[in-house]
Amino acid sequence: GILLDSPFRRLLFSWRLGDLNLLISGAIRPESRLMFLRQIQDRVQHITPFLTLDRDPYMVVDDNGGLFWIQDAYTRTNRFPYSEPFSPNVNYTRNSVKVVIDAYDGTVDFYIADETDGMIQTYSAIFPDLLKPLDEMPDVVRAHLRYPQDFFNLQARMFLKYHMTEAQVFYNEEDLWETPQETFLGSSQTMEPYYVMMRLPEEEEEEFILILPFTPFGKPNLAGWLAARNDGEDYGKLIAFNFPKERQVDGPEQIEAKIDNDPTISEWFTLRCQEGSTCIRGNLLVIPLAVGETFGLMYAEPIYLQAEQVEFPELKKVILASQERVVMEDSIPEAIAALTGFSFPAATAPVDGKEAAAEGGPTMGLE
């Protein structure tokens, strides 16, 4: 913060902020500091106006309970040679900087996340004391780094065309993809990338993954999906999965149609979405999962109910779907049991310092 250690400085900031208390209050002492530019993105943008900021900074907690904001930042230009533009003013972008802001005292640290970026190398030469190597980031904070959605969304847009690897197919644009549509808040919108915990095929453990499904251009069925890994040494690696062309895999629009056509779900909406309350259909998630050695897809959509007088939606139902069935229950465990036949262990209470055995556990485990 800025020291308020002189009457003249207090007078200036009292005028600047339009607050007379800064000038007359006895609570302000010479060691008092004024917290200026308290918004996370304002602070970062004032320090590094040459960086473009991601829209979604997120907070992490260290082992001592300290709170830190992590802000992804990009280098961008429209002058990179032989590069296809993805907007009128940009044909090159890199997620080259991770910014860490202490939520208590506002300290801002900049770390280079992509040392191969020529632009960030130049900025680092200009401001040698500003940008630090990523290895200097505290491990407890670095463990929480996630792949940014804005950057992934941009890559996914380019991948709609550049997933084609055969020259003739690419030239004729025979296999263009597009981002599917979903029903959200009563209207159709383009799906956005989302984070899930899942185990990738041929991997042994679950990971924190950012994924987005794709559909063939002009068709509702799924064509494949793109995943960005977030954990450990695999951070930043992109993996693409293509569905066999001879296999019909339902896309989000087809699942939304199945939900609309289900008589039980349709009746529930008709009875509760009357005057005085509003039904809100949340984002539809396409979740790859494994049952034993078999991989498949599960579709999930939350349903919220909101009173007209109070803008506070409450989760009421969870819809889960597979290629064959659609179910709606009060909770995720109940919906999984209805869809798959798997049941979760009953709640247990401690007995003499040990947990009592659950009765009737699951017949199979979801991996």
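User: In this predicted model, where does Y82 lie, and why is Y82 called exposed?

Analyst: Y82 lies in the loop between β5 (67–77) and β6 (92–102). The model is a predicted one, and in it Y82 has a relative accessibility of 88%; since exposed means over 50%, Y82 counts as exposed.

User: What makes the phi of Y82 worth a remark?

Analyst: The phi of Y82 is near 55°, which is a positive value in a residue other than glycine. Most residues other than glycine have a negative phi. E173 also has a positive phi, near 50°, and is likewise a residue other than glycine; E173 is found in the loop between α7 (167–172) and β9 (177–178).

User: Why is N91 called buried, and what is N91 in contact with?

Analyst: N91 sits in the loop between β5 and β6. Its relative accessible area is 8%, and buried means under 20%, so N91 is classed as buried. Leaving aside neighbours within four places in sequence, N91 is in contact with T77, N78, R79, F80, S83, E84, P85 and F86. With N78, N91 is 13 residues apart in sequence and 4.8 Å apart in space, C-alpha to C-alpha. As for F80, its backbone oxygen lies 2.8 Å from a polar atom of the side chain of N91.

User: How do you know that D114 is buried, and what makes the link between D114 and T116 a polar contact?

Analyst: D114, in the loop between β7 (108–112) and α4 (118–126), has 17% relative accessibility; the limit for buried is under 20%, and D114 therefore counts as buried. The side chains of D114 and T116 are 2.5 Å apart at their polar contact, and a polar contact needs a pair of N or O atoms within 3.5 Å. Once neighbours within four places in sequence are left aside, D114 is in contact with R94, N95, S96 and I120.

User: What makes the buried residues of helix α3 line one face of the helix?

Analyst: In α3, which spans residues 40–47, the residues I40, R43 and V44 are buried. Seen down the axis of α3, these buried residues fall within an arc of 90°, so they line one face of the helix. An α-helix has 3.6 residues a turn, so residues three or four places apart point the same way. The cover over the buried residues of α3 includes β3 (52–53), β5, β6 and β7.

User: Why is the pair R55 and D150 called a salt bridge, and what does the pair tie together?

Analyst: The closest N and O atoms of R55 and D150 are 2.7 Å apart, and a salt bridge requires such atoms within 4 Å, so the pair forms a salt bridge. R55 lies in the loop between β3 and β4 (58–61) and D150 in helix α6 (residues 149–162), so the pair ties together parts that are 95 residues apart in sequence. R55 counts as exposed, at 65% relative accessibility, whereas D150 is partly exposed, with a relative accessible area of 21%.

User: How do you know that E173 and K161 meet in a salt bridge, and are they buried, partly exposed or exposed?

Analyst: The N to O distance between the side chains of E173 and K161 is 3.9 Å, which is within the 4 Å limit. E173 lies in the loop between α7 and β9 and K161 in helix α6, so the pair ties together parts that are 12 residues apart in sequence. E173 has 40% relative accessibility and counts as partly exposed, and K161, with a relative accessible area of 25%, is partly exposed.

User: Why are E301 and R281 called buried, and how are they joined?

Analyst: The side chains of E301 and R281 meet in a salt bridge of 3.1 Å, N to O, and the pair links distant parts of the chain, E301 in strand β18 (residues 294–307) and R281 in strand β16 (residues 277–281), 20 residues apart. E301 counts as buried at 1% relative accessibility and R281 counts as buried at 10%, where buried means under 20%.

User: How many salt bridges does the structure hold, and which residues are linked in a network of salt bridges?

Analyst: The structure holds 20 salt bridges, and a network of salt bridges links E203, E207, R229, D234 and K237.

Key
Residues are numbered from 1 along each chain as its sequence is written. This is a predicted model: local features need pLDDT of at least 70, side-chain atom pairs count only at pLDDT 80 or more; totals for chains, interfaces and linings use all residues. Side-chain values use heavy atoms; hydrogens and water are left out. Helices (H or I, at least four residues) and strands (E, at least two) are DSSP runs, numbered from the N terminus. Buried means under 20% relative accessible area, exposed over 50%, partly exposed in between (1.4 Å probe, protein chains only). A polar contact is a pair of N or O atoms within 3.5 Å; within protein, one must be able to donate a hydrogen and the other to accept it, and residues adjacent in sequence count only if both atoms are side-chain atoms. Contact means heavy atoms within 4.5 Å. The arc is that of the directions from the helix axis to the C-beta atoms.
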